[in-house]
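Dear colleague,

I am handing over the structure below, followed by some notes on what was found in it. Please read them alongside the coordinates.

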Amino acid sequence: MHVVGKRIERVDALKKVMGKALFADDLRFEGMLYAKVLRSPVSYAKIKKVDASLAKELKGVRAVLTARDIPGENRIGILGDPFRDQPVLADEKVRYIGDPIAIVAADSAKIAEEALNLIKVEYGELRPVFDPVEAMRQDAPRVHEKGNLASLRKIRRGDVKEGFARSDVIIEGTYKTPFQEHAYLEPEAGIGKVDENGDITVWACTQFPSNVKKEVAKVLGLSLSKVRVIQTVTGGGFGGKLDISVHCHIALLASKTGKPVKLVYTRPESIMASTKRHPFIVKYKTGATKDGKLLAVEAEIIGDTGAYASYGPAVLTRAAVHATGPYSVPNVKVDAYAVYTNNSICGAMRGFGVTQVAIAHEAQMDKLAERLGMDPIEIRLNNALDVGSRTATGQLLSHSVGIKETLQQAHKAASEWKQDISRTVPTGRRGIGVGAMWYGIGNTGHPNPASVFLDLQDDGSITVLSACAEIGQGLDTVLAQIAAEELGTNIKDVKVISGDTGVAPECRGSSASGQTYIAGNALRQAAIQARETLFQQVAADLKVKPEDLYLDNQAICVSGDSERRISVVEAIKRCRSLGILTLGSGWSNPDTTPLEPETGQGNPYVTYSFATHLAQVEVDAETGESRILKLAAFNDVGKAINPIGVEAQLEGGLSMGLGQALMEELLIEKGAIKTPTLAQYLIPTSLDMPEDMSVSIVEEAEPSGPFGAKGVGEPASIPTTPAILSAIYDAVGARVTKLPATSERVFQALRRRPY
Amino acid sequence: MGKIRIRFRVNGQDAELAVDPMATLLEVLRRQLGLTGTKKGCDAGDCGACTVIMDGKAILSCLTPAMQAAGREIITVEGLSCNGELHPLQKAFIECGAVQCGFCTPGMLLSAKALLDQNPNPTREEVRMAISGNLCRCTGYKKVIDAVMLASERIG
């Protein structure tokens, strides 16, 4: 292979280092108006009256819209029915602090802001509910009329009662994780513009242009062909830019005023209005033999999805499916509840429920190893999934199961680390911890197709058109590599135009670590189609069969006859001279089955990525402060299309995993966010990251993936957090089960130690 | 409040313009001068995306009143390359894979440039310190530090 697997510079890096990459807030149109959103200051109330008359009279105000002004459906929801439960503008009720009520477009942002203060809203406050456990009770206030249980996902395999009865050891634990914030560096922004036909174009950051198109069309009551979404350069997403943010609001205002309308969130607004990572309460029970063989796992998972569903039911489903961890467990019972409360909306965030359950299943494995006096990595190896294993959903794993290889590599590294027991402060204690995970690629048993168009042009250069989203993960570069590889061209001759619903059909969102696998497969088909057209003509000209032809160094060659070759460009010219265009289109949807509702049995993913991470920490035994000294990632990605990109994802994942372990907690009290800025919600800085950080790519090729690739985005961060928590325990014997493990929490756990 | 005329140099060129006395340097750069390479990530001095160089020092343009730029020399990301030639830092960021979403990149580049202008041969710890005010959610900072070290080798 000449491009795939090579360390390729990102195709979008030049414009980004020159400051020329245009993010949504960098765009400006003639006569553009500025929008602001009036948001609810109360967590749960009936809206009795909205009076915008004074705001409308303010000089420079061009439109003030409320729920009544929405021409189409006033509901959005990324999972579709029955979870389209979020109003674009609150109609009867507001359900969280931040729920939008009215939108204003004005000549300047300042005027729009002033206008917000002139809108009078009369609220009839209702009794809110903030605790998901309380919300599950029959007598709790109802956030939605249908009740507070958004979804329950059950997994049933074998017989857990019998499994526990046969177990020599039973380990129990309860683990609590907090709300977390994506904290992408770019706050949400976009511009809407309407043309003379009433067609709408939305330029905005998003991870999911096709979803924006569908939602805007529904909300405006337009046909899909009248809405075009052009994704602007997107400054990170991590799941938080999958849902609708500015998009419907700017489209409504542009449609109303006939002028381009820009909306840019402030940072506190971004934190208030975007979805959060679901806080989980995980009650976990593990049964094993005295040899450390897992016999049964029972888990109850409660996830607070906040005021609206967003991705909640899907997050809890994925959490349930992955609750055993990457281990073979014959008897499994999992109940995972997504519960409505009057807290901020929770949705997708890197890890999508697996982050939270991995903290639980990995702590359980550590406790089990300790109880049995076994090595924590060896006990994981003894139980790890393998080719031929069945998962908790009954899926037979037939290929590409790299968990053992990642564990073995981690084992070797950990034994080398163990020799280093120096300390930087006298009260410092060092520890090493391990975390392992598995992660299904693509949506859980639901269709999520990607599509691509490809044009192989006269000069041999290639244009790839797609609605898939580059959000910083490196997708455009990976797509360029796949096209160049399949068509034997130089990567410099490939142009990828992505994120534009006006030039390409529907594409799944950049989520579920699935874009390389799914969009990569779609592109491969498109490239092969264009190549076949070329080969057919060359085969006819050379009087050979198309299957006897192959590509080598930008030439089409005949097997077994090295003399006979024609350059790709010559072949294209020949096709063109006959009026034959070398085009391709492809779409791909993973071949999965939905989960059976009562037992959760099924094949929810085609393939899984696996990973083991290691952490070495020094904990100050007097203060509880932890310092991360070393991090190492061992990730089975199938095949690294661009190793430098995979490393970059892994290193970024380590930092997010570290943040989640030690510092990240979005505090919400009675529905109000207490940490609405980046000075209060802390994410890792360069000083928090250890100098000693290594990433190892394991390649257990996936036969159905493009060149064997699976995925890496979320597996990059999931195992880091449990590895760090495990290292803290190894250092000082303090097990933190309520995250994050701040100095205070470690200190408290130290005081609770039995010795 | 009336606008006040100020003069300063931006990326080697004189700029003279009337600014709102309440405006930040960030707003003036982005809106009045069209230099949108400088990013607004928080508007509160927490994230570092708005970092520019003023008289040789890396500063947060979202916390700096535009008036304070009067008579000063400002460098933004648009002024890093010279006669079409990329700055060694820009080249190194591309080669090392230090760019992902790219939103923190301009500020990161300018913090690094301010460091290398003062200290052409920094240690990795000094680089780590110099970029500690620039948040990045994508990279984990390792490739950024690699890139600054590579640029420093090439400049030195």
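**Helix packing in chain B**

Helix α3 (residues 105–118) of chain B packs against helix α5 (residues 142–155) of chain B at an angle of about 40°, with their axes 11 Å apart; helices here are DSSP runs of H or I with at least four residues, strands are runs of E with at least two, and both are numbered from the N terminus. The axes are lines fitted to C-alpha atoms over the stretch in contact, with angles running from 0 to 180 degrees between N-to-C directions. That angle makes α3(B) oblique to α5(B) (under 35 degrees is roughly parallel, over 145 roughly antiparallel, 65 to 115 roughly perpendicular, and the rest oblique).

From α3(B), B:Met108, B:Ala112 and B:Leu116 meet B:Val144, B:Val148, B:Ala151, B:Ser152 and B:Ile155 of α5(B), where contact requires C-beta atoms, placed from the backbone, to lie within 7 Å.

**Basis of the model**

This is a predicted model, in which local features need pLDDT of at least 70 and side-chain atom pairs count only at pLDDT 80 or more, while totals for chains, interfaces and linings use all residues. Residues are numbered from 1 along each chain as its sequence is written, and chains are lettered from A and ligands numbered from 1 in the order in which they are written.

**Between the chains**

In the interface, 43 residues of chain A are in contact with 40 residues of chain B. On the chain A side, α1 (13–17) and α16 (643–662) are the elements that give two or more residues, and α16(A) provides the largest share, 8 residues.

Best regards

Key. Contact = placed C-beta atoms within 7 Å.
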